[in-house]
Every structure is written in C-alpha cells, then in structure tokens.
Amino acid sequence: QAEMQHTHTVASVLHDLRTAAAAGSYVPLPSSKWSLLGDVIPEVTDIAYDVKHAPLVEPLPKFFNVTRLPTDVWPVKFTDILPLKRSAGDKTIDAPKMVIVAATDKMVTILTQHGETLLSFDAQHQQAIAFLAVSTSSDDHTILTADTDDNVHAHEIKIQAQRVEHRIKLACTQSVAASFRIPAPTEGPERRLTGMAPVAPRAGQPYYVLGDSDGAVSIFYGNGTLKGRVVVADDGPVVKLVPNYGNQVLFLAERSLGFISVASVDVIRSPCMGWGAPAVDLTLDATMQSRLYISLGDGNVVAMDTAQGQAKICEMKFKLPHVSRVPLIVRTLKGYAVALQDRSEVPSGPLRMWVFNLIAVETGYGAGPSRSVVLTKSLASRPLGLGAYRHLGAKARGTFSVVPDDGAAVELWDLAFKTATAPKAHQDTDTSKSWFDWIPQSGIFFVIVIGVVIWNIRKGGKGRGGDYSLSDSDKREFEDVLRRIKNSEGGG
C-alpha cells in the first residue's frame, strides 16, 4: 500500500510537470531539485526555475512595452539600431534618437522608431545576406552586409534632419563605400567569415574589421584595401568583434578574448581566458567600459573586468544565475542585463527572456532568495537578434530591436526601470511551497525512471490496440526500479 501511495505521488508530479509544459507555465523548484533534474534532464529547465532566483515582477506590461513595425520587404532576418546624434536645439521638440535597420536575404530597410520607412535599398549581393553589422557611433553611420560567399559590402548611410513645423523629419541616402572579403589561404581548408565590425576613430578614416574561422582578424581601410591580418586565437574561430574606445577592437574567441589596435594591426595585451564552456557572444557593460559579459554555450554568463584604474587585468567578477540550458544573448542597461535565449539553439516552442539586477548579483546572496531576477517572460513570437539603444538619464531605459519568427516586421522592446540597487537583507530561509519540497532526491530519480517506463508501455500499447498491460519484461524492469529506489531510501 505504501508503494502504491508513492507511485500515486510520482504520477501526480509527472502530471503537474506535463500540464505546466503544455500550458507554457514556469514551475518553481527548490534549488536541490532544480539542479538534480537539470543535470539528468536538461529540458526541465525550459519549464521550471530555481525558486532561489524567482522573478520579482510578473506580469510585465508596467515595465515592458512592445511596438511592432511592419516592413515593406520580408521575411526580415536581421535587425540592429543606428544611434543618431543628439540635437542641441529646441528641447521642446522630440528629436529622433535612433533609426532601425532591417535586412532580408537581399534588401536592407531603414525605419524610424515610429515605423516610417526612410529608405529601402538592394544590398547588391549575388547570394543571400548572412551577416549584418552597424556602426555604434552617432557621428558615423555605416552598415556592413556579408553574403553566404563571404563577400562584404560597406554601405555609407547619410541621415539628415530637418525641422518641419513642430517635428523633426529625417531623410536618408545610401551608397556603397567599399567591397572586399577576407584573404584566402594559400593552402589548407577554406577560410570562412565569422564576424565583422565597422570602426570609426574620432579622427581619421574608418576601418572595417573581419574575423575568420582560422582565429585571425583582418583590418581594411575605408576604401576596402587590406591593411593587415593578425592571428589572435589558436583555440578556434573569432566569435565576436566589438568596437571599443579609440581605435581599439575587442575580439572574442571560444576560449579567449583580447584587444586589437586597428592602427598597428596587432594584439596590444595578453588575452584573457579561463571560462569553462565555449564562448558564443560578448557585450559591454552600459556604464563600466572595462566590464564585459561573456555568454557561454552552456547557458552561463560571466562578468569580467579588463582594467582596474590604469592596471590591465583579467578578473572574473561574478556569474549571472544559471537559468537556461541554451546560450543567452545579453545586452545591458544601467544596472541591468537583458538576456534572450538564442533562437538558433531552440528548434521549436517559445523562447524565454530575463532581466537581471546586476547590482544584486554582484553584491551576492546567501541561502535565501537572491532577488536578482527582476522579471522573466515566455515569448511565443520566438524573437531573433537584440539590437540595443541605451537612453541617457537617471533611469535604466533601453530600446531593443528583434525579429519575430514570422519575419513580417521588426519589434521594438522599450524597457524602463528605476535605478538598480542592492536588495535589502532577507532571512536566509526558503518559504516557498511546492510539491517538489516533499519529494526526496531518490524520489526524483524515481520520477525520471518511472516516466521512461510508462512512456515505453504506452508506446508499445499503441501497437496492441490500446492494451496498456505490462509485459513480463516490463514487469521485471518495474520491479527492479522499485527495489533499487527502496534500497536507496533505506540507505542500502
């Protein structure tokens, strides 16, 4: 009778998990159970979370506004944001702060943040566009496009603002400034493009920086002439290139990161390394230029400082709470980090996004709730990309551009928060109630194994006209599972 009661409890747990998965719910689990289940069945992290990092706010409309901008061309595959120079004129006029860039296989469209199409142009590629990168400077507007054959075009964008009555009207033109590609190897396997970034020093001509599959970076002049190429990593391809201050570019490889001078075409300091899983993405902190956030292939995100005063360092400061089994694309606001699951790693179903309080994460937490996850949301639109614009001011506010799964528009996410602060001290007790609290760890293994057995029984029953009775082999397997669970609970 006790075993039957135990089996009934397990069946109830399985039913609740299945119901939660079907409804898209996010189930709280005690830390020990979440970690155990996550190690055995990684997919559990798609429908459950560690109650220690329970989100503080749900639902989201107070903090999270979404605007859908339909485009003249589709399906849209890439998006990013070009910042505009802030107007020093009449402060009563709401001057545009940004324009939105969207790209299909062959076309590029530039939109205002209100959805008005400023310009659509043919990117002039023979093959489909595979990469899009935009300048981060408000003084220089460049869009780089590269196709599946690694041919790169640099598009010079001219944006003019004109006052019309009580509003600012924008006009936009485009021209191809240069065309180029990474140098081909003299021998060996084919070299492929893996990343690119336009760089606009405050004085002098622009540069275009390309990363390749051989772990090297190539730097081109503004007219497309190769300036030089330098190998920066022997641990795999260059994953990401990010313009830094001055004429420096930050490169990320799977196991290392470092800085390149575009003027000297050389690595200017020893690379940083030391994280566990391969790196997949990189972003800079919104307020600390020396702090970086590295997204890893196992879903972890680590914060690293590269300078302390005048000293050059490589110091890992903290990790964001591990909330996802797949890589996260991270962008930062003042005191916050916005993280989105990488759509390429999730073949189907909704994606999830999180917002973290970086002050709370860095301050640390004890055994109680961390209060570091501000909010989370399941996104049925399966957005791709995370172009970012950070608004100036005391509040943490940012606008992000993403591409929904249907590719028929660009979505703008507008998020605004109060200034991030460290959470007040809480008792190190977990007062959350969940049916998982009452199941021992051995019971978790019981849930897993029994679920597999039941699945096999039902799968086999479909071929026997709906007969779900246990076969002799199934009975032996079930009895063996019961015996092992009983022995583990009795210390045997």
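This note goes through the predicted model point by point, from its confidence to its sheets, its aromatic rings and its disulfide.

1. Basis of the reading. The model is predicted, so that local features are taken at pLDDT of at least 70 and side-chain atom pairs at pLDDT 80 or more, while totals for chains, interfaces and linings use all residues. Residues are numbered from 1 along each chain as its sequence is written, and side-chain values use heavy atoms, with hydrogens and water left out.

2. Confidence. For the protein chain the mean pLDDT (the predictor's confidence in each residue, from 0 to 100) is 83, and 78% of its residues reach 70 or more. Over residues 427-438 the pLDDT is below 50, and this stretch has 24 contacts in the model beyond near neighbours in sequence, a contact being heavy atoms within 4.5 Å. Residues 462-470 likewise have pLDDT under 50, and for them the model has 9 contacts beyond four places in sequence. Where pLDDT is low, the predicted coordinates should not be read in detail.

3. An open sheet is formed by 4 strands in the order 8-9-10-11, with antiparallel pairing. Strands here are DSSP runs of E, at least two residues long, numbered from the N terminus, and two of them pair if DSSP finds at least two bridges between them. The edges are strand 8 (129-134) and strand 11 (167-180), each of which pairs on one side only. From one strand to the next the twist averages 20°, with axes taken as lines fitted to C-alpha atoms and angles running from 0 to 180 degrees between N-to-C directions.

4. Strands 9 and 10. Strand 9 (residues 142-147) runs antiparallel to strand 10, to which it is joined by 5 bridges. Within this pairing, Ile143 has His155 in strand 10 as its bridge partner. The hairpin of strand 9 and strand 10 has 4 residues between the strands, and in it Asp150 takes a positive phi near 70°.

5. Strands 10 and 11. Between strand 10 (residues 152-164) and strand 11, which run antiparallel, there are 13 bridges.

6. Aromatic pairs. A search of the whole structure finds 6 aromatic pairs, where rings of Phe, Tyr and Trp (its six-membered ring) pair if their centres lie within 6.5 Å, and planes under 30 degrees apart count as stacked, over 60 as edge-to-face and the rest as tilted. One of these pairs is that of Phe180 and Tyr208, which is stacked at 5.3 Å centre to centre with 10° between the planes. Phe180 lies in strand 11 and Tyr208 in strand 13 (residues 207-212), so this pair ties together parts that are 28 residues apart in sequence. Phe180 is buried at 7% relative accessible area and Tyr208 is buried at 3%, where buried means under 20%, exposed over 50% and partly exposed in between, computed with a 1.4 Å probe on protein chains only. Ring pairs also link Phe180, Tyr208 and Phe220 into a cluster.

7. The disulfide. The count comes to 1 disulfide, defined as a pair of cysteine sulfur atoms within 2.5 Å; it joins Cys272 to Cys314, with an S to S distance of 1.8 Å. Cys272 lies in strand 20 (residues 272-273) and Cys314 in strand 24 (residues 311-319), so that the pair links distant parts of the chain, 42 residues apart. The torsion about the S-S bond of Cys272 and Cys314 is about -65°, and the disulfide is therefore left-handed. Cys272 is buried, with a relative accessible area of 1%, whereas Cys314 is partly exposed at 37%.

8. Another open sheet has 4 strands in the order 25-26-27-28, and its pairing is antiparallel. Strand 25 (328-333) and strand 28 (373-379) stand at the edges with a single partner strand each, so one side of each is left without a neighbour in the sheet. The twist in this sheet averages 15° from one strand to the next. Inside the sheet, strand 26 (residues 336-341) and strand 27 (residues 351-357) pair in the antiparallel sense over 5 bridges, and the bridge partner of Ala337 in strand 27 is Phe356.
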